[in-house]
Amino acid sequence: MDAQKTHPIHSNQPVSFSGLPVGGNKMTRNGVYKSIKTVVFSNKLNLLLPFGPLAIMVHKMSASKGWVFFLSLLGITPLAVRLSYATEQLAFYTGPTVGGLLNATFGNATELIISIYALKSGMTRVVHLSLLGSILSNMLLVLGCSFFCGGLVHHGKEQVFSKATAVVNSGLLLMAVMGLLFPAVLHYTHTERQVGKSELALSRFSSCVMLLAYATYLVFQLKSQEDTYVPVGEEGTINRENDDDDEAPEISKWESIIWLAIMTAWISILSDYLVDTIKGASDAWNVPIAFISVILLPIIGNAAEHASAIMFAMKDKLDISLGVAIGSSTQISMFGIPFCVVIGWAMGQEMDLNFQLFETTILFITVIVVAFFLQVGISRTLYSSLSNRYHF
């Protein structure tokens, strides 16, 4: 009673029992509006977002599968890029190692979703070619553009990256190529005891081994290699002082997770229409399905990796660029392809690891060339090499 006399409680003063301000609802609405403005209206590429609903409308109102495929392809493109943006925002709260793995995971979500819908439709050849195209585009197009653009911005210096990380990823890629090579060799040497069945059984066994190896690799990355994606200095030492730049997350952790879920669900819806119209688009445009699967689908699906890897290379963070590009290829080869084999097994589809002789040879040569290329641990431009040699 003495305390009440000293500090009287006024009945007209608003009291918040939850600890939140009285204007909490207004602040929540402002937060939602700010989040939508940041994610949806901050990128000019998002002007392509209306093509997604337009593809669904054209599919309902007409039988033009070529237009439905084209509009779905355009609608998925900004979604893949925004998926990468939400992943980068989430990486601010998880650290560089988990952030690099998240970039690779959600960067490949588009390819995996398209592959699952293609398996559901029995289009195993489309799955083979699209996953192969994703690996090749990441290792050749994305990685090459990263080194090229990074060299243009930092033309007067050598960009250094971790050789240890490159060796681990190269070893895993070689292991994946061996897993793809055995079923092809078994098929073309005609040494299988039961035609078709032995090849399928070997593919399923190899897929289980590859999934186990990839799970071990994840444990190695998350537990043993905490500095995997931390930038490396010119002397080969880890740059922790440059790890935290002036950048700051633009959306919160939970907003990033919610946007990841929304983008993934919307990509899943459009992928269903995309897969359903691949053959119709091939007939309407007079374009082979192999070209659509190897070139068009991977480029659209890898738009996120392409943008992220180039952005980090231009900021002199080649280790993160390698984590996105090579890590994405590693995940597709060690997880995506075996996962599709297991999913096809569960669906009753005869999805195997026989990628045909020509495609397997191309993949083998690509992995060997990139593995030797990354052994140096340094990326330098021609100007930097000449200036170091002739001192100008």
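Let's start at helix α3, residues 51-61, whose buried residues are Gly52, Ala55, Ile56 and Val58. Buried here means under 20% relative accessible area, exposed means over 50%, and partly exposed is in between, with a 1.4 Å probe and protein chains only. Those four cover an arc of only 165° around the axis, so they sit on the same side of α3. The arc is taken over the directions from the helix axis to the C-beta atoms. Turn to the face of α3 pointing away from the buried side, and you find the exposed residues Lys60 and Met61. What covers the buried residues? The cover includes α4 (65-94) and α10 (253-276). Helices are DSSP runs of H or I, at least four residues, strands are runs of E, at least two, and both are numbered from the N terminus.

Now the ground rules. This is a predicted model, where local features need pLDDT of at least 70, side-chain atom pairs count only at pLDDT 80 or more, and totals for chains, interfaces and linings use all residues. Residues are numbered from 1 along each chain as its sequence is written, and side-chain values use heavy atoms, leaving out hydrogens and water.

Next, the whole chain. The protein chain has 16 helices and 2 strands. Of its 392 residues, 47% are buried. Take the contacts with a separation of 6 or more: residues 24 or more positions apart account for 81% of them. A contact means heavy atoms within 4.5 Å. The chain exposes about 20200 Å², and carbon and sulfur atoms supply 65% of that. Accessible areas come from Shrake-Rupley with a 1.4 Å probe, and for residues only the protein chains shown count as cover.

Leu45 lies in the loop between α2 (24-40) and α3. What does Leu45 touch, leaving aside residues up to four places away in sequence? Thr77, Pro78 and Val81. Leu45 and Thr77 are 32 residues apart along the chain, with 8.3 Å between their C-alpha atoms. Leu45 counts as partly exposed because its relative accessibility is 30%.

On to charges. Side chains of opposite charge can pair when their charged atoms come close. How many salt bridges does the structure hold? It holds 2. The criterion is a side-chain nitrogen of Lys or Arg within 4 Å of a carboxyl oxygen of Asp or Glu.

One joins Arg125 and Glu359, at 2.7 Å, N to O. This pair links distant parts of the chain: Arg125 is in helix α7 (residues 124-153), Glu359 is in helix α15, and 234 residues separate them. Buried or exposed, what is Glu359? Glu359 is buried, because its relative accessible area is 15%. Arg125 is partly exposed, at 33%.

The other bridge pairs Asp283 with Lys279, the closest N and O atoms being 3.4 Å apart. Both residues lie in helix α11 (residues 278-285), 4 residues apart, about one turn of the helix. Asp283 is exposed, at 53%. Lys279 is partly exposed, at 49%.

Step past α11. Asn286 lies in the loop between α11 and α12 (289-301). Its phi is near 60°, a positive value in a residue other than glycine. Asn286 is exposed, at 72% relative accessible area. Asp316 also has phi near 60°, positive and not a glycine. Asp316 is in the loop between α13 (303-314) and α14 (318-347). Asp316 is partly exposed, at 24%.

Now the surface. Met178, Phe182, Phe364, Ile365 and Val369 form a nonpolar patch, with about 440 Å² of accessible area together. The elements giving two or more residues are α8 (163-188) and α15 (357-373). Which element gives the most? α15, with 3 residues. Ile365 is in α15, and counts as partly exposed at 46% relative accessibility. For the record, patches take residues with over 30% relative accessible area and no salt bridge, joining like charges within 9 Å and nonpolar side chains (Val, Leu, Ile, Met, Phe, Trp, Tyr) within 5 Å.

Last item, cysteines. There are 0 disulfides in the structure, with the cut-off being a pair of cysteine sulfur atoms within 2.5 Å. Cys149 is in no disulfide, and the nearest cysteine sulfur, that of Cys145, is 5.9 Å away. Cys208 is partly exposed, at 39% relative accessibility.
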